Amino acid sequence: MSAAQWPAAISRLTIDHIKETDGAVRIRLGAVPVELPAPVADLARQQVAARRSHAVLGRTESPWLFPGGQPGRPISAWAMGERLRKLGIRLAEARSTALFQLATELPAAVLARTLGIDITVAVKWQRAAAGDWAAYAAEISQRATRHLQGEDVHAPR
């Protein structure tokens, strides 16, 4: 569930960040909710239904997706990081891998809005991943112009 998020951001998620409509489970990390794939969606449903804090043995009525040891507070970023490490998730590497993959698939503006990161950070990740969407957009524009002029748009240039 890291989706390029730091433990501090994950620890502050509330149950309101997870929405289920028409059988689809979505998480809002930035401005745009993202649909979770089936195995992750099931885990998100389970976490919303059975979230517990370390201070309380049973289910808690806390709004936090990951309640902390203090009533009414989320889990600390450090404790979240420890939980993830115990699961074998290497935080920095997982985050970098997720950002790298997303940067190859999405324009920087969409990446920034979806993950709630600054546009300059999204652009840097995109350049690092060689997902130069500006060049792609320029190429598509040139194809359209060449097509209107009757040229073979698939011919190498």
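At 37% relative accessibility, Asp-42 counts as partly exposed, a class that lies between buried (under 20% relative accessible area) and exposed (over 50%), with a 1.4 Å probe and protein chains only. Salt bridges that share partners join Asp-42, Glu-20 and Arg-45 into one network; a salt bridge here is a side-chain nitrogen of Lys or Arg within 4 Å of a carboxyl oxygen of Asp or Glu.

The model is predicted: local features need pLDDT of at least 70, side-chain atom pairs count only at pLDDT 80 or more, and totals for chains, interfaces and linings use all residues. Residues are numbered from 1 along each chain as its sequence is written, and side-chain values use heavy atoms, with hydrogens and water left out.

**Salt bridges**

The whole structure holds four salt bridges. Three of the pairs are listed here.

| Pair | Closest N to O |
|---|---|
| Glu-20 and Arg-45 | 3.0 Å |

Glu-20 lies in strand S1 and Arg-45 in helix H2, so their pair ties together parts that are 25 residues apart in sequence. Asp-42 and Arg-45 are three residues apart in helix H2, about one helical turn. Glu-20 is partly exposed at 46% relative accessibility, and Arg-45 is partly exposed at 29%. Helices (H or I, at least four residues) and strands (E, at least two) are DSSP runs, numbered from the N terminus.

**Sheet**

Three strands form an open antiparallel sheet in the order S1-S2-S3, where two strands pair if DSSP finds at least two bridges between them. S1 and S3 (33-35) stand at the edges with a single partner strand each, so one side of each is left without a neighbour in the sheet. Four bridges join S1 (residues 18-21) to S2 (residues 24-28), and Thr-21 stands opposite Ala-24. The hairpin of S1 and S2 has two residues between the strands, and Asp-22 takes a positive phi near 55° there. S2 and S3 pair over three bridges.

**Nonpolar cores**

A nonpolar core is a set of buried Ala, Val, Leu, Ile, Met, Phe, Trp, Tyr and Cys residues joined through side-chain atoms within 4.5 Å. The largest has 15 residues, and Ile-18, Val-25 and Met-80 are among those with the most contacts inside it. S2, H2 (38-50) and H3 (77-86) each give two or more residues to this core, and H3 gives the most, with three. A second, separate core of nine residues includes Ala-103 and Ile-117.
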